[in-house]
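Reader: Hi! Could you walk me through this one?
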Amino acid sequence: LSGNTAFVVNAIGLFSESLREEEPCDNVNGISVTRFPITLQYLLEPSTGVNMADVLISTMAFAMGEVNPDGPTLGSWSTAAISALNMPVLQAMTSCDTRESWENAARGLNPLDTAMNVAIPEFDRRIISVP
């Protein structure tokens, strides 16, 4: 990391193995979501259901929706929940390679890491961040 964290005013760390553990949530910014990931409930103000976060930074690779080669990504298990939160989702890139390998590679990320952390998350409208 660069150590440039002066712009971070308030951060909530959420660590989850999966967003697939879900339940109905009647109030996510005033919207009823039938399949809301339990982990994301920590982002909501308990009494009002208002999202308390300004941005979500995700290290989860792959797409949350179903990739549709003939058109837009089809909503799936948590895309409606992310939409209801009404905030940008940044994709933090991770790599299976070592730091040394990444630094010495002319192209940066290897093809697999590029697909999983850059190309595929874009199907969910995640914003690709700088590593």
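Author: Happy to; we can go over the fold, the surface and the salt bridges. This is a predicted model, where local features need pLDDT of at least 70, side-chain atom pairs count only at pLDDT 80 or more, and totals for chains, interfaces and linings use all residues. Residues are numbered from 1 along each chain as its sequence is written, and side-chain values use heavy atoms, with hydrogens and water left out.

Reader: Great, what secondary structure does the protein chain have?
Author: There are three helices and five strands, in the order β-β-β-α-β-α-α-β along the sequence. Helices (H or I, at least four residues) and strands (E, at least two) are DSSP runs, numbered from the N terminus.

Reader: And how many salt bridges are there?
Author: Two, counting a side-chain nitrogen of Lys or Arg within 4 Å of a carboxyl oxygen of Asp or Glu. One joins R35 and E22 at 2.5 Å, N to O. R35 sits in strand 2 (residues 31–37) and E22 in strand 1 (residues 22–28), 13 residues apart.

Reader: Which residues form the other, with N to O at 3.0 Å?
Author: E103 and R99. They are four residues apart in helix 2 (residues 99–104), so about one helical turn separates them.

Reader: Is R99 buried or exposed?
Author: R99 is exposed, at 58% relative accessibility, while E103 is partly exposed at 48%. Buried means under 20% relative accessible area, exposed over 50%, and partly exposed in between (1.4 Å probe, protein chains only).

Reader: Switching topic, what share of the protein chain is buried?
Author: Buried residues are 33% of the 131 in the protein chain.
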